[in-house]
Amino acid sequence: MIKYLAQALIEGFVPQTCLSCGMPITYYGHVAGACSLCVMNWGVYEPGVVSSTLFKERMNCVWSAVGFRLSDGGSRAIIHKCKYGGEPRRVKKLGNWIATRWDPPPEGVVLVPVPIHPKRKLQRGYNQAERLAAGLGEVWDVKVDGAGLIRKKHGASLTGSNRQGRSQALKQTYGFNHKKNKSKMSPVILVDDVLTTGATLRECREILELRGRVVLGAVVLALA
Ligand SMILES: [Zn+2]
């Protein structure tokens, strides 16, 4: 109750506006700072057969959860804000949002965010996939663990490369660090912000499976 009163007070003094269209929003009428009208333009995926099939085509896994379709009209701006907006709390909120829409993964799994290079993390201050995983884990009550995955290459962003180029660039990009491998036996659900060809998730899965880990599937915020 006190939390809601405090929120109402803050709203009274600082009117909030939608981060996409700039229209005023209320505390409950938005998703991570975007108004309900803008959220309608995201192309939100309903949990079900269609979303799972789209996902399976690219990663061939048994379990998946997806936020929305990556489109130039609306949701691309949100992804850009997640990466470069310097607002990790907003990314975590998007994780909360997906977790309230989709059933939790099977019991005993750990969420493993796709790592970014330490240099990039230093520049940005956070890894968006890790923040997303934190938001999911909070609602689902699932542990977040690096599970030994590391990013070795500090290359240019792969966004926009063609399929073959991406696949080549991904070789040697990710690696395994035994010291970071804490949850040795738990099955893994990978977490990333965008799924394009699925090459990144397949690469991460391969690395983990070579070390005897079971990878059940993945959660992504946007499907390109
Ligand atoms: Zn809006």
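Select N60 to start. N60 sits in the loop that runs between α3 (49-59) and β3 (63-69). This is a predicted model. Check the backbone here: phi of N60 is near 50°. That is a positive value, in a residue other than glycine. Is N60 buried or exposed? N60 counts as exposed, because it has 11 C-beta neighbours inside 10 Å and the cut-off for exposed is 12 or fewer.

Next, select D141. Look in the loop between α7 (128-140) and β5 (143-144). D141 also has a positive phi, near 60°. D141, too, is a residue other than glycine.

Now move on to D145. D145 lies in the loop between β5 and β6 (149-151). Buried or exposed, with 21 C-beta neighbours inside 10 Å? D145 counts as buried, because the cut-off for buried is 20 or more.

Finally, zoom out to the whole protein. Colour by secondary structure to find 9 helices and 9 strands. Of the 224 residues, 39% count as buried; D145 is one of the buried residues. Show the contacts between residues at least 6 apart in sequence: 74% of them join residues at least 24 apart.

Terms used. Residues numbered from 1 in each chain as written. Predicted model: local features only at pLDDT ≥ 70, side-chain atom pairs only at ≥ 80, totals over all residues. Helix = DSSP H or I, 4+ residues; strand = E, 2+ residues; numbered from the N terminus. Contact = placed C-beta atoms within 7 Å.
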